[in-house]
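Keep the structure open as you read.

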Amino acid sequence: MLPGNVLLIMKIQFLWSMNNWMLNLACVGLFSVLQIPLQATALKNVVVILADDHALKVTGAYGNDLIRTPNIDRLAAEGITFDQAFCNAPICSASRQSMLTGKYPHATGVNLLFTPFPDGPNVTIAEHLREQNYRTAIIGKTHWNNWAWSSLYKEGAPNHGFDTIVERGPYSEFYNALSPAPLPTNQAYYRREEIDRTNTAEWMNWNVLPHPVRDADSMGTFFANEAIRVMEESGEKPFFVWLAFAEPHAPFYFPLEYAGKYDPDTMPLPEGSSEDDRWVPAKYRNFTDAEKRGIIAAYYTSTEYMDKNIGLVLNAIDRLGLRENTVVLYLSDNGYLLYEHKRFEKHTMWEEAIHQPMIVRAGIASSSGARTGALVEYVDVVPTILDLIDAPHLDSVQGSSFKAVLENTREEHRDIAFSTYLQDNFAMVSCSTRFCAYSSRSVSGRSCRFSKDTGIAICF
Ligand SMILES: [Ca+2]
């Protein structure tokens, strides 16, 4: 829990340092008319589908006509889409462990990419639900970084409340046991062991090459099938499945069948500004336009591949007759800059790195395809899940439930969203009924005063 005086200081800083760079976050008109839920069956199971570095804007449900994400779009059509959801850290580990606990990154103790996830002071939603007789599974990427404290875990690494943990190791065993047919020789492949990592464009797959694997044998498909297996095996026992795909994280993985899906020449390419030139990391300078567009095409392709795997899971939920009593959430641990501000990364407080996709399908109740402009943070996810399935409150949680937004008994949720990175980078977002304003101290280090009434900013 953050000390009250720290929160007060943060709010004061927010009020006097608001920056108008991101006024295009306008909330005007985002509040849609939500349908009042008529949930007949009690919600019991939970499936959280978590992408890795999925930028909100590369989703059909968020208005992108070029990307093909029919399964995420289907979830949006059947649930409620949040237009103002923010992660609490623009980096994998910190955001993920914050989400699992419902605590801010400083409170979990995980602020950086390789910070291990401390077991003792943190209670995850999985630990909490296991006490409620849930079967709990985490499939895919955990980023707990237990290896960094390996000497402390001689008796075994903590499982953070998960009965089933399926990371890359089981996939490697699965893959090594295969006897796949030879791959076509008229196709070039992205072979990690042959990539020159000092060539950033090549490492990021600007050539838009498939990995040397078929879809059925690929990692994302394996993880989707493992999640389905847990659901099938759970029987009458309620389950909590945290399915964390590795896509569309660099270097933009996709299997053979996805080769040629997107033409780099048709990819949108942000221009950035001369102001950005001062802050662009060296490795992103001097890309050719062909390399930039190729990287974006590879990102789109990886996203479509992930979407296909999401469809496997949604179809299985229907096939198993679990749709009415299962909460499904779609989230990404952080966002991504696809050459906005002339870079390909997160690790910043630019809006694109922290403004997140969030879609919630609460059984059949929310089958409205509605949207909401309610401001929410990812620390709100855990308390909302617990609220929806009528589980006991978890005392250590710092977020708050937005169930009332899902039920259309409230249009707004919180006044400020807060995200941090390193020791001195933070961003806050505040939405009124007229617009959202974005405040940041990072990249340029500038401080701005901003008037919500006049829209005038004075930067120093
Ligand atoms: Ca990530």
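Gly 156 sits in the loop between β3 and β4. Asn 146 is ten residues from Gly 156 in sequence, and their C-alpha atoms are 9.7 Å apart.

A note on the source. This is a predicted model, in which local features need pLDDT of at least 70 and side-chain atom pairs count only at pLDDT 80 or more, while totals for chains, interfaces and linings use all residues. Residues are numbered from 1 along each chain as its sequence is written.

Now step back along the chain to strand β3, residues 135–140. Helices (H or I, at least four residues) and strands (E, at least two) are DSSP runs, numbered from the N terminus. Six of the six residues of β3 are buried, so the strand is largely enclosed by the rest of the structure.

What does β3 pair with? Strands pair if DSSP finds at least two bridges between them. β3 and β5 (residues 239–244) pair in the parallel sense, over six bridges. There, Ile 139 has Leu 243 of β5 as its bridge partner. β3 also pairs in the parallel sense with β4 (residues 164–166), over three bridges.

Next, helix α10, residues 289–319. Its 31 residues should span 45 Å at 1.5 Å a residue, and the end C-alpha atoms are 45 Å apart, so the two values agree. The expected span is 1.5 Å times one less than the number of residues. Of the 31 residues in α10, 22 are buried, and the helix is mostly covered. Gly 321 follows α10 and has a positive phi, near 70 degrees.

Helix α2 (residues 70–78) leads back to α10. The buried residues of α2 include Ile 72 and Leu 75. The buried residues of α2 pack against β2 (80–86), α10, β6 (326–332) and β9 (355–362).

Finally, the whole protein. It has 13 helices and 16 strands. Buried residues make up 50% of its 460 residues. Contacts are pairs with C-beta atoms, placed from the backbone, within 7 Å. Of the contacts with a separation of 6 or more, 76% join residues 24 or more positions apart.

Note on methods. Buried ≥ 20, exposed ≤ 12 C-beta atoms within 10 Å, placed from the backbone. Contact = placed C-beta atoms within 7 Å.
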